[in-house]
Amino acid sequence: MPVNTDALWYKDAIIYQVHVRTFHDSNGDGIGDFQGLEQKLDYLHELGVSAIWLMPFFPSPLRDDGYDIADYNAVHSSYGTLEDFHKFLDSAHQRGIRVIIELVLNHTSDQHPWFQEAQSSQNNPRRDWYVWSDTEIRYQAARIIFLDTEKSNWAWDPISKSFYWHRFFSHQPDLNYDNPAVREQMWNVMKFWLEMGVDGFRLDAVPYLVEREGTNCENLPETHHILKELRRKADEQFPGRMLLAEANQWPADLRPYFGDGDEFHMAFHFPLMPRMFMGLKLEDRKPITEILHQTPEIPPSCQWSLFLRNHDELTLEMVTDIERDYMYDMYAESKMMRLNLGIRRRLAPLLNNDRRRIELMNGMLMSLPGTPIIYYGDEIGMGDNISLGDRNGVRTPMQWSGGWNSGFSVAEPERLCAPLIQDPVYGYPAVNVLSQKESEHSLLHWMQRIIAIRRSTGAFSRGSIDFLYPANHRILAYLRQLGRETVLVVNNLSSTAQAVELDLRPYKGNILIEMFGNNIFPRVGDLPYLLTLGPYQFFWFRLRRV
Amino acid sequence: MTLDGRSAVTSLVSPRRAGGIHTELKLEDETFLTDDFLRQLINVGEVDILVGLPTHNNAKTIRSIVQTIQSGILQAFPRERAVIINADGGSRDGTPELVTGISIDDVRPTSNLYALRTLHSISTKYGSTPATGVALRTILAAADLLRAKACIVMFPESATIESEWVSKLVRPIYRDGFDLVTPTYRRHKSEGLLLTNLLYPMIRALYGVRIREPYTAEFGFSGRLGSHFLNQNGWNDGTSGAGVELRFTLAAITGGYRICQSFLGEKERVERRGADLVPALRQTVGPLFSALESDFPVWSLVTGSQPVPTTGNGPEVLLEPMRVNRKRLREMFSNGVAELNSVFQLILSPSTLAELQRIAPLGEDEFRYPAELWVRTVYEFAASFQKSVISRDHTIQALAPLFRGRALTFLIENRNASAKEVEDNIEGLCLEFERLKPYLLQMWKSRE
Amino acid sequence: MREMIISELTQALHELARDFAHFLPRLIVMLILAFLGWVIAYVAKVVLRSILRLINFDKLSENAGASQLLTKADLPSATEVLSRFVFWVAWLGFILLGVSVLGILGLQEQITKFFLFLPRLFVALFIVFVGLLAATFFSRAALLAAVNANVPSPRVLSAAIRSIIIAFILSIAFEELGLAEETMLVAFGIAFGALMLGLAIAFGIGGRDLARRFLEERFVRRKNEENEDELSPL
């Protein structure tokens, strides 16, 4: 099935975030690869996803799980060859699945030939590709992002005896975007992959491209200018490709990344995600409605990207101190779970493996305005291993079956790139794709179902949103509308049964059709519409006037 | 479809016991909780902390009171589920709308206070005239339905209220497991004389508990105690309005609930009027005397008194000089003794009456209503009240001029006293009440 | 002639004996009724006394101030009085019933009137009793209110109210008994009206200042000197 040629395909997409390294191993070396990923495309197609976001797979010393890049135009040897990648890309397109790859624009690995050249001497032609200084006092106002490991944004280079600028790990020196050669080169990198057929890029760490003295070196106008330029070129030569921004900022600060529809197509709505978890624990919709109320309008061709969890920690940067303390106390009692102002746990463990809460959160993910992203393994409710350092606890091998290495690889278990989850609750014998396929009421089947329902109407992906504010603050209710299609979503955020009266007067005369069972519910009349919901239950209703 | 408040509620009420004189509180009483209020309660759901605010035409002060309470809750208990319930007695100045208008929720995202979760402010009209008993009953019913763990009642005219007061009243209940928290204040030594000269010492002597402010418009209580009081008999006997606050305190004592005191701050000075004494007596001494009858099994066995745990600096006394019309007090006392002789003959013992007649004509310099005489007076009044020698309400009214005499003596004795001396004098009076308790017991039992 | 006298006398005697024989059974019945009546009345008295003791009637009458009147009149307690009264009434009733059996014509009417009169007597007594209660209560209430409001001469006021109420009650009682109805009513009306007029004049002219102060206190709520210095009991 060929990929549809709609220019706004990303609005209707269901994105699956996956790391080729931990998905499926085809050659028995204990590390996932592209051939293995290709073999599992049918699984993804059956699940109903329409796009895959691949985490970095370029050659890298892997000191930051691939985000430290040593070569922009190749594939890491462990994952296969460029040929393998190309073949995978074609297979995906045949099934109607698009592929989005990561591109780390802001920095490279210190093992990248460019940096090695630049540090060799102060006169090297590549010297100016990075940001150097004799002192550490420049750009003082910039915050440190990896608080748990880094003490400064400057690192000392013993070879050229000067400091170089790095917003992330010290082995990831920042590229100097004031240098036109750098900008030119990075466009060439993008072009390389676009020519191969890649459908879009997730551009990592975009707020930090440019530094200026006296600022916090984030979201600067020069940065936006560079990004707009990249977008312009991509639109000219490769129409229909998508740019997704990774910018962990408040919604008001995120807005400029959409420009006037001339910068990024999509951006992650970071502040919403922790508030969804908070609303669930508080049993109060206030945090969720407030942040969405503060979210600015974006250009019509743009789209937010929503997610529950990802490969990083559940970040609590964009919340107040009181909220952060609350989240820590509620979701991360053990200090070991906390990292860099965030919580490094997977979705299922965060929700205590409570099937109802997992469904509710996914229901909100699929019905709030934006394109949903599913983190690999969350569709079967995989667990995490917090004793693995950094954020690796949420990056364990995909659990395919209850058998050898959970079907991930035929290698010896000791050779696996990461240890499998083995505990009795989340371990692979209990949680795996095969057994869930066999079970009619498994989470996997439920996810398939809800994805199918989500895709059945454009109201979710492209419609407007109107919040209802019922007096019962434990109920989050809103209407999604596109043209003549209207969907009513009602979520019970509390652990106890609730009754709610909704003011549906503008929709008087409509019959409600519950979208999971397609049963009709009473018609909207003059009086407030009464609904009762069980703990953590939610309803999706199609409004139909006969 | 609509939410039928009543049908939702009937399931909450246990069936009426057949043939009993005592009826349990029927929540579906026709006019008690309105459908609209019930609907609001359903929407609020279970809470941890409930603040009750009885009002009547308080539009001038209510906004700042509610905001102070809100910031008090948000400072001390940011994660707890809380609600402010306004029981309004027919205000015509828009007080209820002012209360609900500053509810903290996502419908009105303009509040200046930062709140983690919704903090509802809801309001109900319990009647068209103010009646503190009905207001309190409404608040108790709401607390019971919402299963609140800690509740407080606040006074809507306190200009001196501070946001810490919320914490001071709630924390002992929420954190330390107390059931009743009564306040202590910083007040002038000439204020609250009925409390210091009658209510406090008498309750202390009879019930054995040293509660400085047993009758108060601001106090905290646990959900346990609230439900217990709500389900007690006595709401339908027509006197439900008078002195419910006092009966609440007594119910806590007789029920064996844990009581403590918490120092709040300066007490609001309400405009003083001479006509306030008799209503005050009706609301405090009347219910107290009535309660003695049913509580006899409890207080007859108590000897001595125990202090209650107190947080904060204890009651403080302001010593600034304040004008009180002593001449008038003395006049009213002596007029009362003279004019009400026929009434006193029915109430007091001959020796007490003779003593009163002896001191009545004394001049201002020599006048003294000694503690022992006062205690005997009060006890004899209590005994006569119980036997209903004359109408009970008349008994209470007759006490007023005598109280004025006692108040005068207290003021004179403490005219130049230091704070500690004032406290010692009060303590002395309390001990006198305790010492003469057998006298009351003897009178009580004699004509039964 | 002698024979005529004797036969007339004998006839007269016969008639007398016959009348007497006619009369005797009735007399016997009357005596029986009287005796029965005594028994029943006695039982009624005892029962009533117990009931009254049970409801503590003495105390009630003490409240009414009736006991004081009784003591002044050298009568025993209210319970006793009432019980004995009921006894006598009941017995009297039975006696009269017996007398009616005798068939003495004129007496019938009077007896009937007497029995018709009885209920009204009871009602009047009841009114008086209740009235006494009310009078005591209201006069005492007025006394206390006046003392507490620092109104001068509270005892006078209290006595005045008591008198008014008693006068009113008496007039109603007399009306009920049907004795000098109109006279009583008119007399009461005149007395009451005169009193009111007097008060109005007194208030209007003599008590101007007092009235003004009283009204101001009620309606203007101005802090006058007295109130500022008053204590706040709570």
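**Exercise 1.** Work out what share of the 448 residues of chain B count as buried.

Solution. Start with the rule: a residue is buried if 20 or more other C-beta atoms lie within 10 Å of its own, exposed if 12 or fewer, and partly exposed in between, with C-beta atoms placed from the backbone. By that count, 50% of the residues of chain B are buried. Keep in mind that this is a predicted model, where local features need pLDDT of at least 70, side-chain atom pairs count only at pLDDT 80 or more, and totals for chains, interfaces and linings use all residues. For bookkeeping, residues are numbered from 1 along each chain as its sequence is written, while chains are lettered from A and ligands numbered from 1 in the order in which they are written.

Next, the elements: chain B has 18 helices and 11 strands (DSSP runs numbered from the N terminus, helices being H or I with at least four residues, strands E with at least two). As for contacts (C-beta atoms, placed from the backbone, within 7 Å), take those in chain B with a separation of 6 or more: 84% of them come from residues 24 or more positions apart.

**Exercise 2.** Find out which strands pair with strand 5 (residues 180–188) of chain B, and in which sense.

Solution. Two strands pair if DSSP finds at least two bridges between them.

- Strand 7 (residues 219–222) of chain B runs antiparallel to strand 5, joined by two bridges; here B:Leu180 sits opposite B:Phe221.
- Strand 8 (residues 259–266) of chain B is parallel to strand 5, over seven bridges, and B:Thr184 has B:Phe263 as its bridge partner.
- Strand 11 (residues 316–318) of chain B is also a parallel partner of strand 5, with three bridges; B:Arg186 stands opposite B:Glu316.

**Exercise 3.** Trace the open sheet of six strands in chain A.

Solution. Read off the order, 14-15-16-21-18-19, with antiparallel pairing. Strand 14 (464–468) and strand 19 (520–523) of chain A are the edges, each pairing on one side only. Neighbouring strands are turned by 25° against each other on average, direction ignored (axes are lines fitted to C-alpha atoms, for helices over the stretch in contact, and angles run from 0 to 180 degrees between N-to-C directions).

Now zoom in. Strand 18 (residues 511–514) and strand 21 (residues 538–544) of chain A share four bridges in the antiparallel sense, with A:Leu512 partnered by A:Leu543. Finally, helix 13 (residues 355–367) of chain A lies across strand 15 (475–482), strand 16 (485–492) and strand 21, at about 150° to strand 16.

**Exercise 4.** Compare A:Asn405 with B:Ser388: are they buried or exposed?

Solution. Most residues other than glycine have a negative phi. A:Asn405, not a glycine, has a positive phi of about 50°, and B:Ser388 has a positive phi near 50°. A:Asn405 is in the loop between strand 13 (371–375) and helix 14 (433–438) of chain A, whereas B:Ser388 is in the loop between helix 15 (371–387) and helix 16 (392–413) of chain B. Now count neighbours: A:Asn405 has 20 C-beta neighbours inside 10 Å, so A:Asn405 counts as buried. B:Ser388 has 12 other C-beta atoms within 10 Å and is exposed.

Technical notes: Contact = placed C-beta atoms within 7 Å.
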